[in-house]
Amino acid sequence: MTTDPAQGTRQGSPEDSLPRNIIRLTHFGERASWSPDGKRVAFMEKSFGDAYEVDASTRVIRLLTHYPHSGFLRVQYLPNGDYFLIGARTFTDIRTTRSRDQEMWILKADAKPGDLAVPLQHKISEGVAISPSAMKIAWSNTRGQYPDRFQDGESAIYTADIVYEGGRAKLANEKEIIRAKTPECTLEAQDFRKKNSELIYTCYRSPFADVLGIDLNTGKTTIYRKLAGEYNEVEGIFPDGEYALVESSRNQIEQNSNYIDIWKLKLEPNSQDFTRVTHWGEYRGFKASNPVVSSDGKRIAFQSARSKDPAGVGYGIFVLDAK
């Protein structure tokens, strides 16, 4: 692999030198998520913080979690407009709480200030995949959350439906899809495609990562991008399911999650159709991460981040015109 000589050598900040197709949406926040209608972006204030929502046109921001809590890590939209939150009931310390105590929660779309998110009574490791067309989700678990279910180093991906009984959400039809073990792979679900018949996921093999998919009917896996010395973590998928965004260390100084930019990958076996989208990494100490695509496929929301910080930490939400 050749290293771009510009990597990490530009002075200043990419936030102050935006290309014409990128705007700053907020001056704080991380882990953006588009609303189903593409008019709003939900995001986290910070890790173990509050959830917010910003109008993509007016840039008016409103707080979603109007009550005392122990801090949330992620917020996303369900197809019905309700908010899917990931957070813990209590805070012990960053490492323990993140790896052991994160749970799934639902906050109603019409929640008033002070209304509480309702727990789904299930723990989760890292993020969740949410179908855009059905109340179906996928997630992973590890021994950290459920020591009775896993051996050391094991992880598994599950799918389930979110159903409402008496107005209260719960999980139904839970099914284990795939199981893996370190050092070969730690699993994280990302997105559904092909009318919910395939799940795109990341296989982490520290310090690298790969993009794969699994057919939910047959169990067959497909490798979309896996290079021995390259970090590729799949993120937002385009609505047609043909392409996905990837946090990639390709052409970076170092090959790990600290040195990444956003790339666009065509989802075909062992894909070579891989195009760079952002150039944050050309500025020393910066990276662009956590990209998501609007429902019309025309806009990409992502966060500005720093190479020194843990994954997920962001310093504002930006929107790229992908037309």
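Biologist: Let's begin with a pair of strands: how many bridges join strand 16 to strand 17, and do they run parallel or antiparallel?

Modeller: One caution before that: this is a predicted model, where local features need pLDDT of at least 70 and side-chain atom pairs count only at pLDDT 80 or more, while totals for chains, interfaces and linings use all residues. Residues are numbered from 1 along each chain as its sequence is written, and side-chain values use heavy atoms, with hydrogens and water left out.
Strands are DSSP runs of E, at least two residues long, numbered from the N terminus, and two of them pair if DSSP finds at least two bridges between them. Here strand 16 (residues 208-215) and strand 17 (residues 221-225) are antiparallel, with 4 bridges joining them. I214 has T221 of strand 17 as its bridge partner.

Biologist: What do strand 16 and strand 17 form, and how many residues lie between them?

Modeller: They make a hairpin, with 5 residues between the strands. Look at G219 in the turn, which has a positive phi of about 80°.

Biologist: Why is Q190 called buried?

Modeller: Buried means under 20% relative accessible area, exposed over 50%, and partly exposed in between (1.4 Å probe, protein chains only). Q190 is buried because its value is 16%. Q190 sits in strand 14 (residues 186-193). By contrast, Q151 is partly exposed at 48%, and Q151 is in the loop between strand 11 (136-142) and strand 12 (154-165).

Biologist: Which residues line the largest cavity?

Modeller: On a 1 Å grid over the protein atoms alone, a cavity is a set of points where a 1.4 Å probe fits but cannot get out, and lining residues have an atom within 4 Å of a point. A volume is the space filled by probe spheres set on the points, which are joined across faces, edges and corners. The search of the whole structure turns up 1 cavity of 30 Å³ or more, and the largest holds about 30 Å³ of space. Its lining is L73, R74, I86, R98, Q102 and E126. Sorted by class, that gives 2 nonpolar, 1 polar and 3 charged residues, where Asp, Glu, Lys and Arg count as charged, Ala, Val, Leu, Ile, Met, Phe, Trp, Tyr, Cys and Pro as nonpolar, and the others, Gly among them, as polar.

Definitions and conventions
1 Å grid on protein atoms, 1.4 Å probe; cavity = no way out; pocket = protein on both sides within 12 Å on 5 of 7 lines; lining within 4 Å.
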